[in-house]
Amino acid sequence: MSSPSVPAASLILGDVEVSHIRYSTYRWDGGALFGVVPKTLWSRKAAADDLNRIELAFNCYLVRTGGQTILIETGCGDKMDERARARMALPPDAGPLTSVITSHGFDPESIDIVINSHLHWDHCGGNTLLTSEASPRPAFPRARYFASRPEWEHAHERLARDSVSYIDANYDPLVESGQMTLVAGDAEVAPGIWMRRAPGHNRDMMVITVAGGGETFCFLSDLVPTVAHVQPTWVAAFDLYPLETIESKTRWLTAAAGGAWHCGFGHEVNLPFARILPDPKTTFRAEPTLTTWRGHP
């Protein structure tokens with residue numbers, strides 16, 4: 001007898017369904033996540049442990065359009081060594097993303113498209129699986145993968161500031177086989193599903209928008225990693241271009257508030273979906289979006 005599926009938080013946008021897939025949780029230094037924001041302020045939003053780490057999530061989203069199934073992000077993957085896993089308090093029993101998708105009642109073999117907002121290990125680590133063979137194998141063998149070409153080129157520059165964020169095994173085998181398409185700029189990868197450049201976290205990060213039923217879902221990735229970061233000036237210490245982050249964040253959150261969009265965040269733990277509202281004190285605030293919680297056939 002098969003085990004019951006784990007309910008997934010889902011949105012219905014006309015004939016499009018968007019479901020939240022949490023790969024796993026982990027912990028990271030709170031100061032790194034909030035940069036110059038004093039701990040007396042950010043700790044009201046996110047409690048830190050005795051190592052100053054806050055709880056975060058690797059968030060992915062599964063989009064079903066009727067004709068296609070699209071996976072946005074693939075989480076941390078299987079390439080962290082034991083020391084790194086301990087440092088991040090990664091669950092010891094976290095299986096591959098395919099298993100997590102299956103636990104929600106979805107068939108990972110049905111995925112047609114995989115989109116990476118950028119190529120940092122914590123957003124594309126589940127693209128491939130390590131094997132005893134010479135090269136990692138695709139986690140989704142029949143899917144087409146999409147990522148930014150300028151981002152891929154930057155990954156290979158090996159800059160001291162961020163080279164640690166890139167693991168070639170997560171994307172190079174897919175590029176070499178032709179399974180990953182590298183887009184030069186904004187691109188519609190499926191009807192109504194767009195990758196759009198939003199610089200700040202790094203030079204060529206993308207946000208992903210999904211349109212359906214006259215509504216929009218927007219995955220903000222690391223432009224707004226958690227709902228606490230909806231304040232435009234709350235910027236992570238590891239953003240390469242913090243002033244551009246503020247500019248990009250203001251532009252995208254203004255659009256989200258004006259269009260009553262549903263938004264998803266790269267590492268938020270508590271809210272799988274939220275709407276963005278204007279706020280006289282903090283410029284913006286996030287309100288939970290009403291979702292359905294159910295398993296899927």
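This is a predicted model: local features need pLDDT of at least 70, side-chain atom pairs count only at pLDDT 80 or more; totals for chains, interfaces and linings use all residues.

Student: Which residues lie nearest the centre of the largest pocket?

Tutor: Those are Trp28, Trp121, Val164, Ser165 and Phe238, out of 23 residues that line the largest pocket.

Student: And which helices and strands supply at least two residues of that lining?

Tutor: Strand S2 (16–29), helix H3 (82–87) and helix H5 (121–124) each do. By class, the lining of the largest pocket has 13 nonpolar residues, plus five polar and five charged ones.

Student: OK, what volume does the second largest pocket have?

Tutor: About 380 Å³. Its lining is made of 22 residues, and Lys45, Thr226, Val227, Ala228 and Glu268 lie nearest the centre. Strand S3 (53–64) and strand S16 (283–288) each give at least two residues to the lining of the second largest pocket.

Student: How many of those lining residues are nonpolar, polar or charged?

Tutor: In the second largest pocket, 12 are nonpolar, five are polar and five are charged.

Student: Switching topic: how many helices and strands does the protein chain have?

Tutor: Eight helices and 17 strands. The chain's radius of gyration is 18 Å, close to the 19 Å from the globule rule for 297 residues, so the chain is as compact as a globular protein of that length.

Student: What percentage of the residues count as buried?

Tutor: 54% of the 297 residues. The protein chain also exposes about 12,800 Å², with carbon and sulfur atoms supplying 55% of that area.

Note on methods: Residues are numbered from 1 along each chain as its sequence is written. Side-chain values use heavy atoms; hydrogens and water are left out. On a 1 Å grid over the protein atoms alone, a cavity is a set of points where a 1.4 Å probe fits but cannot get out, and a pocket is an open set with protein on both sides within 12 Å along at least five of seven lines; lining residues have an atom within 4 Å of a point. Helices (H or I, at least four residues) and strands (E, at least two) are DSSP runs, numbered from the N terminus. Ala, Val, Leu, Ile, Met, Phe, Trp, Tyr, Cys and Pro count as nonpolar, Asp, Glu, Lys and Arg as charged, and the others, Gly among them, as polar. Grid points are joined across faces, edges and corners, and a volume is the space filled by probe spheres set on the points. The radius of gyration is taken over C-alpha atoms; the globule rule is 2.2 Å times the number of residues to the power 0.38. Buried means under 20% relative accessible area, exposed over 50%, partly exposed in between (1.4 Å probe, protein chains only). Accessible areas come from the Shrake-Rupley method with a 1.4 Å probe; for residues, only the protein chains shown count as cover.
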